[in-house]
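This report walks through one protein model for a first-time reader. Please keep the structure in view while reading.

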Amino acid sequence: MNEKYIPMWEESGLDLEAHDLLLKVLSQAYQNIYLAQDSRPSAMEYFDFVMSEIHGSRIRELLDEKQQGRKIIGSYCVFVPEEIVLAANATLVGLCSGADFAMEEVEKYLPRNTCALIKSALGFKLGRVCPYIETADMIVGENTCDGKKKAYEYLESMVDNLYVMDLPQMKTEKGYELVKNEYNRFKTAVEELTGNEITTDSLKQAIDTVNAKRSALHRLSILRHADPAPISGLDALLANQVFFYDDPARFTESVNKLCDELEKRIESSQGVKKPGTPRILFSGCPMAVPNWKIPWIVETSGAVIVGEESCVGERGVRNLTDNSGSTVDDLMDAIASRYFKIDCAIFTPNADRKEHIIKMAESASAGGVIHYGLQFCQPYLMESVQIEKALEEKDIPCLRIETDYGMEDVEQIKTRVQAFIEQIGD
Ligand code: BJ8
């Protein structure tokens with residue numbers, strides 16, 4: 001435990017003992033998974049630093065912002081528009097968690113067969129180990145899957161600042177109207193929280209800031225199309241995870257710096273693995289820090305991951321927001337249109353997602369797709385069958401993996417992954 005942050009964590013209301021345990025697990029996993037990799041780009045040092053300080057200097061920055069009157073808003077879903085938050089001079093941070101914590105407590109509220117992501121989100125609150133949730137002035141939940149919807153009913157009794165956003169299930173005109181109305185309602189709530197009115201200029205500027213973040217990740221995605229892959233899937237995933245925590249401008253600059261280095265690597269045919277290494281596209285549920293289990297299994301089994309069709313990945317950043325409007329209303333419309341395109345499996349039907357996966361696999365020259373579904377995640381698990389079928393029709397092999405955050409099934413998954421890699425490598 002970094003001694004200098006103890007008073008800050010104590011003041012934030014963390015359970016120091018439990019938090020210390022979490023940091024130890026996180027740091028050990030990082031050593032074993034990230035720092036054990038070969039041929040990492042040197043620009044990844046920045047992301048290593050962010051991870052080492054994820055509960056330290058970043059929290060200090062957020063607390064400094066709060067002291068200067070800036071509000072912090074936490075979210076569990078990529079449907080919460082960062083543009084609106086930034087335009088009101090507030091900061092958005094991701095709250096999803098990728099590790100089991102305080103499970104005994106969690107299961108007093110949620111059934112055992114709830115997905116690990118939801119259990120973890122509640123566990124981090126009940127265990128008092130997440131400085132982000134404790135720092136947030138507003139926590140935004142959203143009506144997406146049933147599990148999340150119902151879990152927010154419990155979260156509401158644990159925090160005094162939960163705001164729930166309603167979202168549609170279908171991509172119809174009515175669905176679009178709901179998103180638009182809900183984003184306007186959210187805008188008013190954020191303006192009230194911050195005391196700052198959102199103007200055309202502030203919204204335009206916020207759109208540009210978030211678009212720049214997304215564009216930097218688009219650049220990274222395209223560079224991963226090269227063979228040999230200039231960066232591991234694990235490192236690219238890390239950049240996508242840091243997207244949800246870091247200062248936006250600093251994040252954009254760091255990803256662009258990484259991309260400059262990757263361009264040079266590609267020019268000199270330098271890769272993280274040999275040319276011709278089996279290439280895999282990852283698709284499915286979001287992977288929050290420190291959920292690196294499956295990518296780690298894949299990349300230590302002789303393959304390289306060349307894209308993530310995930311909310312922590314392409315699905316979260318695919319589209320930019322049009323900044324050409326000249327009024328707040330125009331820009332709010334542009335925001336609603338941009339987010340309404342997100343192809344989350346909570347929508348029915350959700351045909352766009354199949355097309356996106358096929359397009360991503362083809363453009364990254366992936367030999368196969370690994371579909372990752374968290375146990376008890378009905379939307380993604382149910383959709384995985386259709387996806388496998390759509391991929392088969394295009395002669396793209398697909399391996400469906402259903403797992404949780406535990407490590408008990410690592411060997412079993414490794415055996416399946418190795419057989420899959422052999423199949424696509426032939
Ligand atoms: S836009 S994917 S971030 S809802 S894994 S909690 S779906 S049972 S996370 Fe998500 Fe927003 Fe959609 Fe993206 Fe439910 Fe499934 Fe659990 Fe999930």
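Leaving aside neighbours within four places in sequence, which residues is Trp292 in contact with? Contact here means heavy atoms within 4.5 Å. The partners of Trp292 are Leu26, Ala29, Tyr30, Ile33, Tyr34, Met51, Leu234, Leu237, Leu238 and Gln241.

This is a predicted model, in which local features need pLDDT of at least 70 and side-chain atom pairs count only at pLDDT 80 or more, while totals for chains, interfaces and linings use all residues. Residues are numbered from 1 along each chain as its sequence is written, and side-chain values use heavy atoms, with hydrogens and water left out.

**Cores**

Trp292 belongs to the largest nonpolar core, which has 137 residues. Together with Tyr183, Phe186 and Leu220, Trp292 touches the most other members. A nonpolar core is a set of buried Ala, Val, Leu, Ile, Met, Phe, Trp, Tyr and Cys residues joined through side-chain atoms within 4.5 Å. Buried means under 20% relative accessible area, exposed means over 50%, and partly exposed lies in between (1.4 Å probe, protein chains only). Another core of 17 residues lies apart from the largest one. Its members include Ile357, Met360, Ala390 and Ile396.

**Overall build**

The protein chain has 19 helices and 8 strands. These are DSSP runs, numbered from the N terminus: helices are H or I with at least four residues, strands are E with at least two. The radius of gyration is 21 Å, close to the 22 Å that the globule rule gives for 426 residues, so the chain is as compact as a globular protein of that length. That radius is taken over C-alpha atoms, and the rule is 2.2 Å times the number of residues to the power 0.38. The C-alpha atoms fill a box of roughly 60 × 50 × 45 Å along the principal axes. Of the 426 residues, 59% count as buried. Among contacts between residues at least 6 apart in sequence, 76% join residues at least 24 apart.

The accessible surface comes to about 17900 Å². Carbon and sulfur atoms hold 48% of that surface. Accessible areas come from the Shrake-Rupley method with a 1.4 Å probe; for residues, only the protein chains shown count as cover.

**Ile84**

Ile84 sits in helix α5 (residues 82–87). Is Ile84 buried or exposed? Ile84 is buried, with a relative accessible area of 0%. Not counting residues up to four places away in sequence, Ile84 touches Tyr183, Phe186, Lys187, Val190, Ile198, Leu203, Met332 and Ile335. Ile84 and Met332 are 248 residues apart in sequence, with their C-alpha atoms 8.5 Å apart in space.

**Around the ligand**

The ligand is surrounded by 16 residues. Cys77, Cys145, Cys311, Cys344 and Cys377 are the closest. A residue is near a molecule if one of its heavy atoms lies within 4 Å of it.

**Backbone features in loops**

| Feature | Angle | Loop |
|---|---|---|
| Asp227 to Pro228, cis | omega near 5° | Pro228: between α11 (200–223) and α12 (233–242) |
| Val289 to Pro290, cis | omega about 0° | Pro290: between β5 (279–284) and α14 (293–299) |
| Ser269, positive phi | phi about 55° | between α13 (248–267) and β5 |

Ser269 is exposed, with a relative accessible area of 53%. Asp395 is also exposed, at 72%.
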